[in-house]
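Subject: Handover of a model

Hello,

The structure is pasted below, followed by notes on what was found in it. Please read the notes alongside the coordinates.

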Amino acid sequence: FEKQKLIQQQLVLLKHSEMCQRPDDTCQVHYCQMMKNVLAHMKQCQAGKQCPVAYCSSSRQIMLHFTNCADSDCSVCSPTRAANHSMERQSYRLPAGLNSEPEAPDMSHPTQHSS
């Protein structure tokens, strides 16, 4: 259950960061800028599971799952879709360059720290 919660949190943060238009370091969402940097890196990364960049491999797996998930009751995706009604009307496509095979999730590093 804890791993599932961490994946959900990372997905929410990824989707937020993907859409966030605020200039660097002005967004109040914790780790938004870091995930913007990860998303930018992912567009060019060819290392797959061996990538040493924090959150690259796990974020790729999570985004690929979210993009391809057709299960309306998915315990990972449905909370994010339900919380983002405006995003439900948009297509869930990966940013250019993120099309690869799913990898095993690497959740050894939590995406959010308790404040």
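Where in the chain is confidence lowest, and where is it highest? The lowest mean is 44, in helix 5 (residues 85-88), and the highest is 95, in helix 2. Confidence here is pLDDT, the predictor's own score for each residue, on a scale from 0 to 100. Averaged over the chain, pLDDT is 77, and 71% of the residues reach 70 or more. Over residues 86-115 it is below 50, yet this stretch has 63 contacts in the model beyond near neighbours in sequence. A contact means heavy atoms within 4.5 Å.

Some conventions. This is a predicted model, in which local features need pLDDT of at least 70 and side-chain atom pairs count only at pLDDT 80 or more, while totals for chains, interfaces and linings use all residues. Residues are numbered from 1 along each chain as its sequence is written, and side-chain values use heavy atoms, with hydrogens and water left out.

Overall layout

The chain has five helices and zero strands, giving the pattern α-α-α-α-α along the sequence. Helices (H or I, at least four residues) and strands (E, at least two) are DSSP runs, numbered from the N terminus. Of the 115 residues in the chain, 41% are buried. Buried means under 20% relative accessible area, exposed means over 50%, and partly exposed is in between (1.4 Å probe, protein chains only). Among contacts between residues at least 6 apart in sequence, 64% join residues at least 24 apart.

Helix 1 has 18 residues and spans 26 Å from first C-alpha to last, close to the expected 26 Å. The expected span is 1.5 Å times one less than the number of residues. The buried residues in helix 1 include L6, I7, L11, L14 and K15.

Helix 2 is largely enclosed by the rest of the structure, because eight of its eleven residues are buried. Those eight are C32, Q33, M35, K36, V38, L39, H41 and M42. Helix 1 and helix 3 are among the elements that cover them.

Helix 3 (residues 56-68) has 13 residues and reaches 18 Å between its end C-alpha atoms, close to the 18 Å expected. Ten of the 13 are buried, leaving helix 3 mostly covered. The buried set runs C56, S57, S58, S59, R60, Q61, I62, M63, L64 and F66.

Packing

How do these helices cross? The axes of helix 1 and helix 3 come within 10 Å and cross at roughly 85 degrees. Axes are lines fitted to C-alpha atoms, for helices over the stretch in contact, and angles run from 0 to 180 degrees between N-to-C directions. Helix 1 and helix 3 are therefore roughly perpendicular, a label given to angles of 65 to 115 degrees (under 35 is roughly parallel, over 145 roughly antiparallel, the rest oblique). I7, Q10, L11, L14, K15 and E18 of helix 1 make this contact with S58, S59, I62, M63 and F66 of helix 3.

For helix 2 and helix 3, the axes come within 10 Å and cross at roughly 80 degrees, so this pair is also roughly perpendicular. On the helix 2 side the contact uses M35, V38, L39, H41 and M42, and on the helix 3 side C56, S59, R60 and M63.

The largest nonpolar core has 19 residues, of which L11, L14 and M35 touch the most other members. A nonpolar core is a set of buried Ala, Val, Leu, Ile, Met, Phe, Trp, Tyr and Cys residues joined through side-chain atoms within 4.5 Å. Helix 1, helix 2 and helix 3 each supply at least two residues of this core.

Loop residues

R22 sits in the loop between helix 1 (2-19) and helix 2 (32-42). R22 counts as partly exposed because its relative accessibility is 49%. Apart from neighbours within four places in sequence, R22 contacts C27 and K36. Its C-alpha is 9.7 Å from that of C32, ten residues away along the chain.

Y31 is in the loop between helix 1 and helix 2 and is partly exposed, at 28% relative accessibility. Y55 lies in the loop between helix 2 and helix 3 and is buried, with a relative accessible area of 14%.

Regards
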